[in-house]
Amino acid sequence: KQWYQRRVRGRHPGAGHSGNRHSGGSHRGHRPRVGATKQNVPRFKPGPWCNAHATFYEGSTNTFGGACNFKDVVALGFGLNTAAVSTTLFNNGQACGACYEIKCARNPKWCKPGSPSLIVTATDFCPPNPSLPNDNGGWCNPPRQHFDIAKPAFSRLADYTAGITPVDYRRVPCQKTGGIRFKIDGNPWFYQVTVWNVGGAGDVVRLGVKGSDKLKWTEMERDWGSTWKTGAILQNESLTFRVVTSDGKTSTSWHVTPKNWQFGQTFEGKNFR
């Protein structure tokens, strides 16, 4: 059978290990059969509110997307509402592109008046620090659910002099303008495709590619973050990409590249509604 007809197993990328036990969207615990062109998977909906903590980190538009390989978060449409997430949430890069609503909570001294909410996208990894206790510096150690938010965004939640604050958060649908983007890099023997601007669940769990001539449906492997890889020959083919998100929804972008595409080019495909 084709790769997209097989069932996949494993946990939803947002399923946490502590606290409220669930840190994902509304489709916990299953990843149904993927890839069918006709499907009845409902639209991704906001998940339950969960407890976590948030800190901030400084950087630039070129560094806030580090571990997800988003080269420039502003140029790619994320803006500065971005966050590095802890090991539990990052899930080896599967969380890249997921969207979260975050509210400052249980900290009246530092929360901004009215506890306004903020929508952020997971674009980076907050690494653990095993040399420090989980409650005193090791904020991103497993099994903590933690957001290290870009400083400009954090300042809209709480006074940054607080350093760290409790928050409530939930997964929410990603609202995007335009189609899914596919950037092709590599060389004639090794191909990388970086995927971003994904609506709905936002987080890509599988990526398939098919050519217009010799290349049959091929499942790509996650290289790191939002970048996928394959050794299959993609050159001299008009390429079709099939994206599967964590809620089981599938979007197929047919023949989004010409046969004479070049490395370094970006192409726009069909997005989730």
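Author: Cys 99 and Cys 174 form a disulfide, with 2.1 Å between their sulfur atoms; a disulfide here is a pair of cysteine sulfur atoms within 2.5 Å. The S-S torsion of Cys 99 and Cys 174 is about 120°, so this disulfide is right-handed. Because Cys 99 lies in strand 3 and Cys 174 in the loop between strand 6 (165-172) and strand 7 (181-187), the pair ties together parts 75 residues apart in sequence. Helices (H or I, at least four residues) and strands (E, at least two) are DSSP runs, numbered from the N terminus. Cys 99 is buried at 4% relative accessibility, and Cys 174 is buried at 4%; buried means under 20% relative accessible area, exposed over 50%, and partly exposed in between (1.4 Å probe, protein chains only).

The model is predicted: local features need pLDDT of at least 70 and side-chain atom pairs count only at pLDDT 80 or more, while totals for chains, interfaces and linings use all residues. Residues are numbered from 1 along each chain as its sequence is written, and side-chain values use heavy atoms, leaving out hydrogens and water.

Cys 68 and Cys 96 form another disulfide, their sulfur atoms 2.0 Å apart. Its torsion is about -85°, so the Cys 68 and Cys 96 bond is left-handed. Cys 68 is buried at 0% relative accessibility, and Cys 96 at 7%.

Cys 104 and Cys 111 are also bonded, with sulfur atoms 2.0 Å apart, and both residues are buried. A search of the whole structure finds 4 disulfides, and the pattern along the chain is 1-2, 3-8, 4-5, 6-7, counting bonded cysteines in order.
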